[in-house]
Amino acid sequence: MNFFLEKLNLKSFDRSYSSDVFFKRPEKYKEIEKFSAESQNLITMGSNYSYVPLSFHKESIVLDLKKFNRILNFDKQKKEITVEAGIKIFEFLNFILDYNLWIPQLPGYPYISLGGAVATNAHGKSCGTHGTIRNSVKKILLYHKVHGWLNLSNDENKEIFDLTIGGLGLTGTIVSITFSLEEFNFTSFTTVKKKVFLIQDVIKNFTNETTDKNIFIYSWNAMDDLKNFGKGYIFKNIPINNLKKISKIKSLKKNDYRFPICFWNKFTIKIFNKIYLKFLDVEKKEKNDSFVDAIFPFIGKENYFKLFGSKGFIESQLLVPNNIVESFLEEVKNLCKIHEPLITLFSLKKLSGEQKLLRFEGNGICVTFDFVNNKKNHLFLVKIDELCVKYNVLPSIIKDSRLGQSIFEKCYSEVEIFRKKLISFDKKRIYQSELSKRLKI
Ligand SMILES: Cc1cc2nc3c(=O)[nH]c(=O)nc-3n(C[C@H](O)[C@H](O)[C@H](O)COP(=O)(O)OP(=O)(O)OC[C@H]3O[C@@H](n4cnc5c(N)ncnc54)[C@H](O)[C@@H]3O)c2cc1C
């Protein structure tokens, strides 16, 4: 191995996987070509904020695109912007919100890169109406070790364009992206909440809700009380204009410190849920939230992840078709009675779009669970995997590090299409991550 390479030990955000990895940090376009030519296997990294090891692997040289964070072109009239793929969401928003423009499909943490968001086809809180980031991508400039520089869009290299959005970095390095922008004439949000006593109430509310595309609806539910399974709150973020400018979002110093042990157990989860429910009960029904608080719910709450300790956590995010969501969750409840899993987060939101290739996209309810990473929960999740197959539910491969090839292939109907198209584009399968190896993509 070339000794000019920097070596680091990297961990996935959920702490399920770590590995020593060799790095290259290109600063110029020529360096992307040079570093790609020098290495046999590659993978591009954005901010490495993925829950699962998506942007590294012990046998791949990591191209870290951090330095590619410039705004290359902005056309206010056409509502279009071209940015380098390493730019972080907060840097992008700090520029574009001044023009009352944005893209609505931004994932919930501002330190994620736009290259990473496009490569995972990320979604935001309004995914029930705005779908995934795919809907805002107009063009991509890709660099591939064998094919060189490629312009991708619906008019040029369409097949590779489709493979690249949500293609998990396996088609090459996204160097720049052109986005279509949408108007955003608001400055903050009014958050209205409503108590629910059972998970069925959430589903009913979601179904009856008239969809204003600018209102974000989601729920927080407790799971420790099986008699009142899903007791919790539904939140609605309604955008408002209070004439105050949106404050600039500050950069963050990454802090990898974790609690040495896991704080979450049966009792702490019960106590936390009780206190949080009580807090929501006494808090005003309506409150004002800043832009940052509404769009990026995890800002300032990073300790929640750290409290899982060095073994980390498992997140299972599932896209459940609307017509079976009640039966599916009833079965989940029955499994909870038997297995008593330790679940720290249970939340629902709507998702819309079309499921294709490897993308976590489609029409239905997006159900998110966070689990303590222990043996008991792994066994419970095997049962959830079986339910996914039974009910045609789509598990997110970018959230759950534990998912294996067999469940992946049973749930994603276009796996083979993706594999065939990718191998015909890249016979040597140059771009590889831990996930691509595990799922044999
Ligand atoms: C706190 C938190 C909240 C989140 N909220 C949401 C959410 O609301 N919705 C959602 O959809 N996701 C969410 N995510 C997941 C996150 O959006 C994705 O994992 C995203 O890919 C992370 O981007 P990154 O810049 O960290 O990329 P990385 O983790 O570094 O990479 C992710 C993938 O993108 C590829 N990639 C990155 N940059 C490039 C590039 N320039 N060219 C080619 N491929 C590239 C990598 O190879 C890898 O496959 C959240 C994550 C966290 C930690």
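## Surroundings of the ligand

In this predicted model, 33 residues lie around the ligand, and those that come nearest are G46, G115, G116, A119 and G169. Two or more residues of this shell are given by each of three elements: strand 3 (42–45), helix 3 (114–119) and strand 10 (173–180). The largest share, four residues, comes from helix 3.

Sorted by class, the shell around the ligand holds 17 nonpolar and 16 polar residues. Charged residues are absent from the shell.

## Residue D426

D426 is found in the loop that runs between helix 13 (415–425) and helix 14 (434–438).

In sequence, D426 and V146 are 280 residues apart. In space, the C-alpha atoms of D426 and V146 are 7.8 Å apart.

## Residue E182

E182 belongs to strand 11, which covers residues 182–183. With 17 other C-beta atoms within 10 Å, E182 is partly exposed.

Which residues are in contact with E182, once its neighbours within four places in sequence are left aside? They are L101, W102, I103 and P104. As for H57, it stands 125 residues from E182 in sequence, and the two are 36 Å apart in space, taken from C-alpha to C-alpha.

Note on methods. Residues are numbered from 1 along each chain as its sequence is written. This is a predicted model: local features need pLDDT of at least 70, side-chain atom pairs count only at pLDDT 80 or more; totals for chains, interfaces and linings use all residues. A residue is near a molecule or strand if its C-beta atom, placed from the backbone, lies within 6 Å of it. Ala, Val, Leu, Ile, Met, Phe, Trp, Tyr, Cys and Pro count as nonpolar, Asp, Glu, Lys and Arg as charged, and the others, Gly among them, as polar. A residue is buried if 20 or more other C-beta atoms lie within 10 Å of its own, exposed if 12 or fewer, and partly exposed in between; C-beta atoms are placed from the backbone. Two residues are in contact if their C-beta atoms, placed from the backbone, lie within 7 Å.
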